[in-house]
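Please walk me through this protein model, starting with how the chain is divided and ending with the spaces inside it.

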Amino acid sequence: MRAAAFLIVLLACPPAAAAQEGSAAGEWLDQALPGLVETYTALHRSPELSFQERETAAALARILTELGFEVETGIGGHGLAGLLRNGVGPTVLVRTDMDALPIVEATGLPYASQVRARNEGGEETGVMHACGHDVHMTVWLGTATFLARHRDLWHGTLLFVAQPAEERGAGARMMLADGLYERTARPDAALALHVTEQLPAGTVGWRAGYALANVDSVDLVVRGRGGHGSAPHTTHDPIALAARIVIGLQHIVSREVKPIEDAVITVGSIHGGTKHNIIPDRVEMLLTVRSYRPEVREQVLAAIARTARYEALAAGFPEELAPEVRVREEEHTPAAYNDPALTKRVVTALRRELGAERVREVEPSMGGEDFGRYAPAAGCPGFLFWLGTTPPERLAAAARDGEPVPGLHTARFAPDPGPTIRGGVAAMTAAVLDLMGTGAGPKKKS
Ligand code: ZN
Ligand code: ZN
């Protein structure tokens, strides 16, 4: 319903850049930015849900092909990768994600998404790029375009990866399992960025070491024996037990995990029962569990199973009614670890490119990102940095009045496209050139 116009705008963008030979990324961006912003709005209007990124992937593949990349499509579903070989030198992976979220957009912007789609359950939903993956794709395309047109500035092999289903924690795993590196090249470093509304548009945030968390989904079923609400002594009440378990779980974080380690257990869903005066047979709970170090992850997951089991025994439940605890291993997202040496090197380059005031050290996040899979799978260092999206005056107003800026995964998330994309392309280009540069330097004329 939307493919044709979408593709035309995208394809019109990169050649319009009219870069001068050897110009700095900054000068090039003066020319290229209007086309990139058009690309962004086209992508924003045309979001696709996780596992449904067919049109988006096709558009990205066509642009990379036009730029001279060797493009491999259909890697782990709709994933694709482009290789651009340019002499002897390191192979650097630059990742974007492509999927959007089942949210009805409420920004009121002229380019707001009107798209509706069906999720896997067959239900109709609005679709919105509410996690900024449209910004990621635009920055990725801008970086690819600049580098393809300025091959005198770098040596080596670019590996541009566009992954599906980031929001489901699945795309990176699927691409790697489908032979991403065997079908393209094994990287010597892996880079990505992710937007955040908490930084000014075009400003970059970084963190060495753990930047994003291990994410685990746990299903916990509390089994009981139902009966009349007036006669609890004749039942094993799973609702009363579920309440004990919820409280018990919080003691894992506060009393068992070492205080300087990080862990979160959130019970995000709890369902049981039908009526005031009926004690039900079961309660179902859905948990999200976050951690950084693998040992802490193992500790917390084991403690959840133990807590559920012994709370049931303590409540007098028989062994055969022990709660069922299932960790959804297939939905696990490993923590994103920013290699300290790579981080230091790239941050130095980012400061040179953007100025120290636009490159800020930030706190780690307990959010998840499956970018964390690429570097360990290659045995190379990885680095993911943050890209701010909010006009500085809006952030100042938020600090003054307490009116929060609409965040990621909300219907009113609205990046300021021009400065965000400009800062993103300048930053990612500077990062790649620092790792692959010929010494001609991004700022020098050749
Ligand atoms: Zn997201
Ligand atoms: Zn995201």
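Domain bounds, as used here, come from an automatic or database domain assignment. On that basis the protein chain splits into domain 1 (3-212 + 335-435) and domain 2 (214-331). The model is a predicted one, and confidence is the next point to settle.

The mean pLDDT of the protein chain is 93, with 93% of its residues at 70 or more. Residues 1-23 have a pLDDT below 50, and in the model this stretch makes 51 contacts beyond near neighbours in sequence. The pLDDT is also below 50 over residues 441-446, a stretch with 16 contacts beyond near neighbours in sequence.

Next comes the relation between the two domains. Taken over C-alpha atoms, the centres of domain 1 and domain 2 are 38 Å apart. Domain 1 brings 10 residues to the contact and domain 2 brings 12 residues. The size of an interface is often given as the accessible area lost when the parts come together. Between domain 1 and domain 2 the buried area is about 810 Å², and carbon and sulfur atoms give 58% of it. On the domain 1 side, Tyr210, Ala335 and Met366 supply 66% of the area buried against domain 2, more than any other three residues.

Of the elements, β7 gives the most, with five residues. Sorted by class, the lining of the largest pocket has 16 nonpolar, 14 polar and 14 charged residues.

How many cavities of 30 Å³ or more does the structure hold? There are two cavities of 30 Å³ or more. The largest cavity holds about 40 Å³ of space. Its lining is made up of Val94, Arg95, His136, Val139, Trp140, Leu193 and Met428. The elements β3 (91-97) and α4 (133-149) each give two or more residues to the lining of this cavity. The largest share comes from α4, with three residues. By class, the cavity lining has five nonpolar residues, one polar and one charged.

Conventions: Residues are numbered from 1 along each chain as its sequence is written. Chains are lettered from A and ligands numbered from 1 in the order in which they are written. This is a predicted model: local features need pLDDT of at least 70, side-chain atom pairs count only at pLDDT 80 or more; totals for chains, interfaces and linings use all residues. Side-chain values use heavy atoms; hydrogens and water are left out. pLDDT is the predictor's confidence in each residue, from 0 to 100. Contact means heavy atoms within 4.5 Å. Helices (H or I, at least four residues) and strands (E, at least two) are DSSP runs, numbered from the N terminus. Ala, Val, Leu, Ile, Met, Phe, Trp, Tyr, Cys and Pro count as nonpolar, Asp, Glu, Lys and Arg as charged, and the others, Gly among them, as polar. Buried area is the accessible area (1.4 Å probe) that two parts lose on being put together, summed over both. On a 1 Å grid over the protein atoms alone, a cavity is a set of points where a 1.4 Å probe fits but cannot get out, and a pocket is an open set with protein on both sides within 12 Å along at least five of seven lines; lining residues have an atom within 4 Å of a point. Grid points are joined across faces, edges and corners, and a volume is the space filled by probe spheres set on the points.
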